[in-house]
Amino acid sequence: MGEEINKPEYDFPDELRGNIAITTLDRIYNWGRRSSVWPMMFGLACCAIEMICVAASRYDFARFGMEVMRPSPRQSDLMIVSGTVTKKMIPMIVRLYNQMPEPKYVLAMGACASGGGPFKEGYNVVSGVDKFIPVDVYVPGCPPTPQALLNGLITLQEKIDKQSIRTVRWYKREASEPIPIPVLGPDLIDPRDIHLFDATRSSVEKPDAQKDV
Ligand code: SF4
């Protein structure tokens, strides 16, 4: 392995071999971010207990540079959605997501966060947090084991490894657009779907208009 590393594809004088490291800006940039992901300290339901296990000594995600769970979204770059996402809770989750600075990532932990889980048909449950915020990694299970969450965190690191400083969204002009906060009324309304209400209303009103003619 050591010999492979010491065989670069570039020509170097023999006396310099072993003293030169070749890397790219992307690799250094990604290495710094993937080795210091700070998850936000919040949990929603039973999955949060497993998340807490991963932070404790037996599984210990400090090994990945992630031990600094932050109690403030302003200092976090990973949101682990650990538990059932209710319609009452999603406005707060979206607000927390908006308050996180870029670069930021979301991990949907468990069946509930990924798609509603056992409560999918419930009147008060959102069928997956990805209906409102972008999710980078899904971890299946009810609840996922600590090992499964660790695997999800490693998957996120691998995703970060593949990003390029030239194409990441947070350097694009439209990156800082916040996601509209869902409105909790008789049911949950996503402000981005308002045009659907308008379209429905106009299609309902059309027969009356035709009648007048
Ligand atoms: S996926 Fe299962 S363990 Fe996790 S929050 Fe939902 S019901 Fe609880």
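This is a predicted model: local features need pLDDT of at least 70, side-chain atom pairs count only at pLDDT 80 or more; totals for chains, interfaces and linings use all residues.

Trainee: How is a pair of aromatic rings described?
Mentor: For two such rings, one gives the distance of the centres and the angle of the planes. Here the count comes to one aromatic pair. Tyr105 and Trp170 sit edge-to-face, 6.3 Å centre to centre and with 80° between the planes.

Trainee: Which parts does the pair tie together?
Mentor: Tyr105 belongs to strand 2 (residues 105-109), while Trp170 is in the loop between helix 6 (146-161) and strand 4 (183-184), so the pair links parts 65 residues apart in sequence.

Trainee: Are Tyr105 and Trp170 buried or exposed?
Mentor: Both are buried. As for a charge over a ring, look at Lys104, which lies over the face of Tyr97, at 4.1 Å from the ring centre.

Trainee: Which residues are around the ligand?
Mentor: Among them are Cys46, Cys47, Cys112 and Cys142, along with Gly83, Thr84 and Phe119. By class, the shell has nine nonpolar, three polar and no charged residues.

Trainee: Where is Ser82 found?
Mentor: Ser82 is in strand 1 (residues 78-82), and its relative accessible area is 0%, so it counts as buried. Beyond its neighbours within four places in sequence, Ser82 has contacts that include Phe42, Leu44, Cys47, Met51 and Met109.

Methods
Residues are numbered from 1 along each chain as its sequence is written. Side-chain values use heavy atoms; hydrogens and water are left out. A residue is near a molecule or strand if one of its heavy atoms lies within 4 Å of it. Ala, Val, Leu, Ile, Met, Phe, Trp, Tyr, Cys and Pro count as nonpolar, Asp, Glu, Lys and Arg as charged, and the others, Gly among them, as polar. Helices (H or I, at least four residues) and strands (E, at least two) are DSSP runs, numbered from the N terminus. Buried means under 20% relative accessible area, exposed over 50%, partly exposed in between (1.4 Å probe, protein chains only). Contact means heavy atoms within 4.5 Å. Rings of Phe, Tyr and Trp (its six-membered ring) pair if their centres lie within 6.5 Å; planes under 30 degrees apart count as stacked, over 60 as edge-to-face and the rest as tilted. A charge sits over a ring if NZ of Lys or CZ of Arg is within 6 Å of the ring centre and within 35 degrees of the ring normal.
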